[in-house]
Amino acid sequence: MTAFSVSPVPATAFPFTALVGHEALQRALLLAAIDPGMGGVLISGPRGTAKSTSARALAALLPDAPFVTLPLAASLEQLVGTLNIEDVLRDGQVRLAPGLVARAHGGVLYVDEVNLLPDALVDSLLDVAASGVNTVERDGVSHQHAARFVLVGTMNPEEGELRPQLLDRFGLSVALHNPADAAQRQAIVRARLAFDADPEAVVAVHAAAQAGLAASVARARAALASLQWTDAVVQHAARLALAAGVDGIRADLVMLRAARALAALEQADSVSMAHVDAVAELALAHRRTENAAGAAPPSGATQPPPTSSSKPSAAVGQGPASSQNAPEGDWGALPPESQPMARVRSTGAWPPKKA
């Protein structure tokens, strides 16, 4: 069986508050930590953009949170667990061999290169992440247990994409890019070099900020259920989803839940349209379709006809550019020209191998 990693994040993990240039990612991870039922966060970006560092930093921020890594070669049983049927038959007791989702309860489940996982595994993982409950079934015996964790998936688009059906299942998404600003690159490098040289010193510098942010997340979790949406806020989310041309209503639901989590984090009394606007791109970026308002026309879309100033090479019905010779649907195209073929001189047989 393939080994998997289940461990608490070390005290010297890179501090969440020390991340540089990842404001959108930090917001998405915090919102997912406040309301894991949104479906987690998908982080897309090239190598070396701190995707895994950010996930570990989030786990270090949450109190006593396990950090569980799902390997690409994991099986479905390793993910969701299995039941010992022999124990059921012998003494009637259902004993669960816990999987990764059980071990990740209360923490972070990290999936690197999630786009390379089998679709069935991703589908089961997203089901548990959204519901917070894992159901294990074997030979007609069923068992359920809580599995509430922050799902963080990362991928490099150069290595392949997720199917749209699975992409939509992720609650929020953030696309990272290589930093193009020299000052920002220097700030990132300095932060990393300082941590590599003396991790304890960097952790100590950010200890107060880390503690304050962790307290804010705990307070937001407690206040989440008390915040409601007005009809105006729901209508605003629907308008944004329609403008993005999304399929289904999952985008609306995620937007509203993310807006509520942000309102709770900011200790607001209610969810406002401004909260929806602040989280809209996180919920819509990976769901936006070519039918979205202002989006480029899909490939193969009908192009506008030529203007009156355009002059065809020949009048319709005359010469080689007539409608009878032009390809259908390609107005004004010229017929292909024949190309002479040159005789290739024989080069003889492939030389024999030397003895």
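This is a predicted model: local features need pLDDT of at least 70, side-chain atom pairs count only at pLDDT 80 or more; totals for chains, interfaces and linings use all residues.
Let me begin with helix 11, which runs over residues 231-243, holds 13 residues and reaches 18 Å from its first C-alpha to its last, close to the 18 Å expected at 1.5 Å a residue, where the expected span is 1.5 Å times one less than the number of residues. Helices here are DSSP runs of H or I with at least four residues, strands are runs of E with at least two, and both are numbered from the N terminus.

Residues are numbered from 1 along each chain as its sequence is written, and side-chain values use heavy atoms, with hydrogens and water left out.

Which residues of helix 11 are buried? They are Val233, His236, Ala237 and Ala241, where buried means under 20% relative accessible area, exposed means over 50%, and partly exposed lies in between, with a 1.4 Å probe and protein chains only. These four residues cover an arc of only 135° around the axis, which puts them on the same side of helix 11; the arc is that of the directions from the helix axis to the C-beta atoms. On the other side of helix 11, Asp231 and Leu242 are exposed. The buried residues of helix 11 pack against helix 12 (250-265) and helix 13 (273-284), and after helix 11 comes Gly245, with a positive phi near 65°.

How many aromatic pairs does the structure hold? There are two, and rings of Phe, Tyr and Trp (its six-membered ring) pair if their centres lie within 6.5 Å, with planes under 30 degrees apart counted as stacked, over 60 as edge-to-face and the rest as tilted. Phe14 and Phe195 are edge-to-face, at 5.1 Å centre to centre with 65° between the planes. Phe14 lies in the loop between strand 1 (5-8) and helix 1 (23-34) and Phe195 in helix 8 (residues 182-197), so the pair ties together parts that are 181 residues apart in sequence. Both Phe14 and Phe195 are buried.

Notes. Contact means heavy atoms within 4.5 Å.
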